[in-house]
Amino acid sequence: MSEIVVHPTPEILKRFHPLDQLNDIQLELLGRSIQIHSAGRGLKILEQGDITPFSLYLIKGKLRLLSTDGRVTEILDDSPQAQSPIANLIPRRYTVEAMSPTDYLVIENSLLEGLLNDDEGFTATELGSDSQIVDPILAESRMTQVLLDDLNTNRLVLPSLPDVAVRVGRAMRDETTNARKLANIVQTDPAITTKLVRAANSPLYAGVTPVDSCAAAIVRLGADTTHKLVLTFALRELFNTHSSVLKEQMRRLWEHSVKVSAICYVLAKFSGRFNAEHALLAGLLHDIGNVAILSYAENYTEVANDNEKLAQVMHDLRGRIGSEILRSWGFIDDLILVTEEAENWFREHEGEGDYADLVIVSQLHTYIGSDEMKHLPTLDQVPAVKRLNLGELTPKLSLKILDKAEEKIARAKQMLTA
């Protein structure tokens, strides 16, 4: 007996985005061209890494999505997530399994593009080719579509590096630059000047006698350390928002970045294989993409007022947007890599540990003893730990390390926030 083919009705198709942009004739044509598929409980519908260009829609049932970092998301047929394509980023970032008897649609993107290109009310950029796809788990709002569209068309509004940091960086490339010239630049920003002198006199860098001028501080610190500290201090002004709703989110983002940065600094000193100030900067920059995302969220109240939606957008886009920001600032590749890989807990690569590994391990240290750690791998499961040669780290041993370094961490945090 041949299998009975069931085609979706226009009413079913209208439930989904962007199919809801099609007219009745287009919906009728599409419905005749595709069929409803069924899957039993436990069946894999989509494999992580798949690059086949189609869109998957959930009609009936419940799906489970497993991400690369072990996070699990469940989608019901009547949830907002089910109104958009499932796991649409290519290569696929999720394995999709049926958690119950499930009905779903598979629509080739070329077929859908052909129909949508006839509709002036919707463009193919919202559909999803390998560089233009909106992952529906995070695409619960127009904000995500705008972010991705702006990112893919080079229209993303990126935060600018503060002027004093740009000028110091430019001076560093001039072989004739000396401490006095650097001091003249730094002193155009009184707040950073104060922080730099304070850092030079802190127990982290203090000499026999205290310094009382910017030039003396630069001589003590050295040009490279001065440059990195100026960058670090200048970043603080970027962690601001005009939205009263998002102020708390931005405050928490800054505090998290400071804590990760301080632990990066201490672990860099502990390992002896990293430049401590570069590690400090890496920790502070690892979530810089979220600064831009929060700035976009100011114009999307449905996201700004929903912590879960906002967290999902940041989780999925922070790396891509962060790397674009650092490229636009002319930062070197190892810091760009940090923004892309900072939450890739099971990251594998050849060779010794790098600054991305340092940030991964530092982040996990910040979560020890917290509720967040329940959803994260333990330190002995993370490849970065072995590459950093920090010893056989366990949560208990890590807490000992942090306890012993508590004063240094406190000093590093104070240097960043004073």
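**Entry: helix 7 and helix 8**

I began with helix 7 (residues 190-201) and helix 8 (residues 214-221), whose axes come within 9 Å and cross at roughly 50 degrees. The model I am looking at is a predicted one. I noted that angles under 35 degrees count as roughly parallel and 65 to 115 as roughly perpendicular, with the remaining middle range called oblique. Helix 7 and helix 8 are therefore oblique to each other. I also looked up the handedness: their crossing is left-handed.

Next I asked which residues of helix 7 meet helix 8. I found Thr-193, Leu-196, Val-197, Ala-200 and Asn-201 on the helix 7 side. Helix 8 meets them with Cys-214, Ala-217, Ile-218, Arg-220 and Leu-221. I sorted the residues of this contact by type: 7 are nonpolar, 2 polar and 1 charged.

A reminder to myself: strands of a sheet pair through backbone hydrogen bonds, either parallel or antiparallel.

I went along the sheet pair by pair. Strand 2 (residues 44-46) is joined to strand 6 by 2 bridges. Here Leu-46 stands opposite Val-96 of strand 6. Strand 4 (residues 62-67) is joined to strand 6 by 5 bridges. In that pair, Leu-63 faces Ala-98 of strand 6. Strand 4 also pairs with strand 5, over 5 bridges and in the antiparallel sense. There I found Lys-62 opposite Leu-76 of strand 5.

I found another open sheet, formed by 3 strands in the order 1-7-3. Its pairing is antiparallel. The edges are strand 1 (36-39) and strand 3 (54-60), each with pairing on one side only. Neighbouring strands in this sheet are turned by 35 degrees against each other on average, direction ignored.

I looked at one pair in detail. Strand 3 and strand 7 (residues 102-108) run antiparallel and are joined by 6 bridges. Ser-55 has Ile-107 in strand 7 as its bridge partner. Helix 3 (residues 109-116) lies across strand 3 and strand 7. I noted its angle to strand 7 as about 70 degrees.

**Entry: Leu-390**

Last, I picked a loop residue. Leu-390 is found in the loop between helix 17 (383-388) and helix 18 (395-404). Is Leu-390 buried or exposed? Its relative accessible area is 8%. Buried means under 20%, so Leu-390 counts as buried.

What is Leu-390 in contact with, leaving aside its neighbours within four places in sequence? I listed Leu-267, Phe-270, Ser-271, Val-361 and Val-385. I checked one of these contacts for distance. Leu-390 and Leu-267 are 123 residues apart in sequence. In space, their C-alpha atoms are 8.4 Å apart.

How values were computed: Residues numbered from 1 in each chain as written. Predicted model: local features only at pLDDT ≥ 70, side-chain atom pairs only at ≥ 80, totals over all residues. Heavy atoms only, no water. Pairing = 2+ DSSP bridges. Helix = DSSP H or I, 4+ residues; strand = E, 2+ residues; numbered from the N terminus. Axes fitted to C-alpha atoms, helices over the stretch in contact; angles between N-to-C directions. Parallel < 35°, antiparallel > 145°, perpendicular 65-115°, else oblique. Left-handed = near helix turned anticlockwise from the far one by under 90°. Contact = heavy atoms within 4.5 Å. Nonpolar A, V, L, I, M, F, W, Y, C, P; charged D, E, K, R; others polar. Buried < 20%, exposed > 50% of the residue type's maximum accessible area, 1.4 Å probe, protein only.
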